[in-house]
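Hello,

Here is the structure you asked to look at. Please open it beside this email and follow along; my notes come after it.

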Amino acid sequence: MSNHPFGLSVIAAAVFFACHSTQAVAETVTESIDKANNQLDIAQSSQHQFHYRQSDIAIGLTGATVLPGASQANLELMHRGVSDGVAIMQDGIFFSPAPYSGQNLVLQPNLQQQQSATLSGMTSVVDGSEAAFGKLEYQSVAISDKKYAGKFNVEVNDDADYGGGVVVSGTTKEYGMLLALDYQSASDEVGYALDKDADTKQTDIMFKIDADSLPGARNKQTTEFSYQYSSQETQQGTLGLTNTDFELVPNQRYAAANIDFTDGERQRYVLAHKLLLSKTSTVATDFYYQTYSQKTADMMFVDGQTISNALLSEIAAFEITPTTDGMNLGALTKDNDFAGFGVQTKGVSMYGEHQVTYSARYHTDKAEMELGNQDWMWGQDLSLTSASDNAAIAVYKDDASSFLSAVDTKLNYGQLSVNLGLGYEHVSVSRSVSDDYDLVSADFSDDGWMPSVEVAYTAGGWSAAAQAKQAWTAASAGNLEQKAQEALQYQLAVAYKQDSLALAMTAYMHDYDNQHVGCMFGMVCGVEQITLQENIEDVTVNGLDFSVEYGLMFDSFSIPLKAKYQYTQAESDVGYCSSYNGCFDGDTQLPWVPKQQLTLSSGVVVGDLSVIAQALYQSELEYAGNLNDFGAVDSQWKVDLAASYQVTQQHEVYLRVENLFDETLVASRTVAGRQAQSEMTTYIGYQARF
């Protein structure tokens, strides 16, 4: 772990004795609008029948921009044109083990073990710099207040892939307990000229135990310990197909990618304590420690040269007509370990009608990264033979520590409220590199103030809020200029909620002094590119979000509807060139930001039978520059359909069809080829509640 000393400011020290509760109304009107209109209740009838374990459509329904992902790959997201400073949280704690030092890490939780997901666009200053530009907050399944309760799910698809999970929990007078288990196995036929199966296995375990106040305790309190374990093994690499081969069979892979894989194992420990100090003051403190280990291999070289469009064509030609000389290939390997520890406390006090929220966090994490290279001989029989041992070509360790202290004051005057927030965060990062490797060491610190102001008005079902905020996220150790990402954020949000109707519209502008960009989604990046973080000056992001949720009720049936439309214009005032993201001129759309995204969920419920369709539309990703050989990723629709029948109150069967209309959706398109999303797949499942 980092050697930076632990410290607390006067405000932070006071928080330990002050106030907080996750049940308290510690949110701005802007956050309440986000919660009302950007929350996906995974257990509700229009969602749970999909029984997703991971889904781009489900996350898109929260308002996040979900970039295309290949089958069984972790979903990557951005929000309002930026990826750094957008946090993925679970139960108020970072889901990534090392968000400061491991910024290239992409992890999403298993949706079977979550009860809701909520996207916040303009976050509170108490969330800190890693969530300064948005956060996707998951709430994991809670311990049932009944003596005994649970659910069981199992499903199988037309490729003989299967998944199964169980959640069991209950509460007695002394304590509550929960155990959740989930397992998935998939094996897709992906051989192009040589029979090949791409296998994927994933296991997720969650355990919780909590206890209420001890007998004789002066103040009501609860303590919960939770443990999570997950592991994933997948044979999915980054080498794609030429345009010609993709059009013929988009889900296939060249035999050159037979050694590609990703293995990961994650553990997370959390001790959460909540204390009610008085009728108007509460405090909650979390201690957490989590680790993640990751190993990967990606075929990336031909005769020592990084695969380009021309070399990819040579690979395609060799697979069709192998020669006795074979081909000399090379794989980029990774052996990475991430770890993070933190203690955070957050409090809420009421002073008459007014509310004050305090927050403090100390966090430290590290990423130990080893990039290697292994040579392979691709023979005439299309077999791969190791031609060398795996050799390290870059070894480095990133350490980071941060301290956050923030206060947010909500002044309530009837229907009018004014929020004044001020946060301060200090971040120290370092990168140590052996002299044997040609990388740049780093050791620097930075700090930023994050002020915000909100003026809001609520009347009946209407609410409106205007907010301005200075957002700040520290540079990573791979940022050669050591420049923080900074932006002035302005937002106007209006929402209406009455009975079964909820409407919201948000207009915003983010004016960046500096925006961080790294090796972008789906790109095949070289060793140096993986280790670096680049900067784009003077970026302006304007946009509009609109959402509607409505339930039409009739005598014999109902029609649920949830729709979310996003328009994002993200432009740089000056041109930008990157060896892996391409070049583009000023005043043009950032090539990795879709201008439009639309997510829909609707259907019909007739008694015990329901049929629900969900769809995700994304406009063109306008890649340019060195990616011209493959052009842009075209606009795409992805549609899933699910039908379920409630046999009894406890038993349900369902049918789900994923990617209903198109088997050629592009997940990524780079100089190393096109990759497809999953083909149309049909699942049959059963779920029981007890």
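**What was found**

Q482 is found in the loop between β22 and β23. Before going further, please keep in mind that this is a predicted model. Q482 has a positive phi of about 55°, and it is not a glycine. For background, most residues other than glycine have a negative phi. With a relative accessible area of 37%, Q482 is partly exposed, because that value lies between the limits of 20% for buried and 50% for exposed.

The loop between β22 and β23 also holds L480. Is L480 buried or exposed? At 55% relative accessibility, L480 counts as exposed. Leaving out residues up to four places away in sequence, L480 touches V440, L532 and Q533. L480 and S441 are 39 residues apart in sequence, while their C-alpha atoms are 9.4 Å apart in space.

K483 is in that loop between β22 and β23 too. K483 forms a salt bridge with E537, and the closest N and O atoms are 3.1 Å apart. This pair links distant parts of the chain, since E537 is in strand β25 (residues 534-553), 54 residues from K483. K483 is partly exposed at a relative accessible area of 24%, and E537 is partly exposed at 41%.

**Other salt bridges**

Side chains of opposite charge can pair when their charged atoms come close. How many salt bridges does a search of the whole structure find? The search finds 14 salt bridges. Among them is the pair of D398 and R431, with the closest N and O atoms 2.7 Å apart. D398 is in strand β19 (residues 391-413) and R431 is in strand β20 (residues 416-433), so this pair also links distant parts of the chain, 33 residues apart. D398 counts as buried because its relative accessibility is 4%, and R431 counts as buried at 7%.

E137 forms a salt bridge with K135, where the closest N and O atoms are 4.0 Å apart. Both E137 and K135 are buried.

**Two buried loop residues**

R80 is in the loop between β3 and β4 (87-90). R80 is not a glycine, yet it has a positive phi of about 55°. A relative accessible area of 5% makes R80 buried.

L75 is in the loop between β2 (65-66) and β3 (77-78). L75 counts as buried, with 9% relative accessibility. Which residues is L75 in contact with, leaving aside its neighbours within four places in sequence? They are Q54, S55, D56, I59, V106 and Q108. Of these contacts, Q108 is 33 residues from L75 in sequence, and the two are 6.7 Å apart in space, C-alpha to C-alpha.

**Helix α6**

Helix α6 covers residues 309-320, which is 12 residues. From its first C-alpha to its last, α6 reaches 17 Å, close to the 16 Å expected at 1.5 Å a residue. The buried residues in α6 are L311, L312, I315, A316, F318 and E319. Why do these buried residues line one face of the helix? Seen down the axis of α6, they fall within an arc of 165°, so they line one face. The elements that cover the buried residues of α6 include α5 (243-248), β14 (281-302), β15 (305-306), β16 (327-351), β17 (354-378) and β34 (673-676).

**A nonpolar patch on the surface**

F225, Y269, L271, F287, Y289 and F341 form a nonpolar patch on the surface. Together these residues have about 500 Å² of accessible area. Which elements give two or more residues to the patch? They are β13 (261-276) and β14. β14 is also among the elements that cover the buried residues of α6. F341 is in strand β16, and β16 is another of the elements covering those buried residues of α6. At 31% relative accessibility, F341 counts as partly exposed.

Regards

Notes:
Residues are numbered from 1 along each chain as its sequence is written. This is a predicted model: local features need pLDDT of at least 70, side-chain atom pairs count only at pLDDT 80 or more; totals for chains, interfaces and linings use all residues. Side-chain values use heavy atoms; hydrogens and water are left out. Helices (H or I, at least four residues) and strands (E, at least two) are DSSP runs, numbered from the N terminus. The expected span of a helix is 1.5 Å times one less than its number of residues. Buried means under 20% relative accessible area, exposed over 50%, partly exposed in between (1.4 Å probe, protein chains only). The arc is that of the directions from the helix axis to the C-beta atoms. Contact means heavy atoms within 4.5 Å. Patches are made of residues with over 30% relative accessible area and no salt bridge: like charges are joined within 9 Å, nonpolar side chains (Val, Leu, Ile, Met, Phe, Trp, Tyr) within 5 Å. Accessible areas come from the Shrake-Rupley method with a 1.4 Å probe; for residues, only the protein chains shown count as cover. A salt bridge is a side-chain nitrogen of Lys or Arg within 4 Å of a carboxyl oxygen of Asp or Glu.
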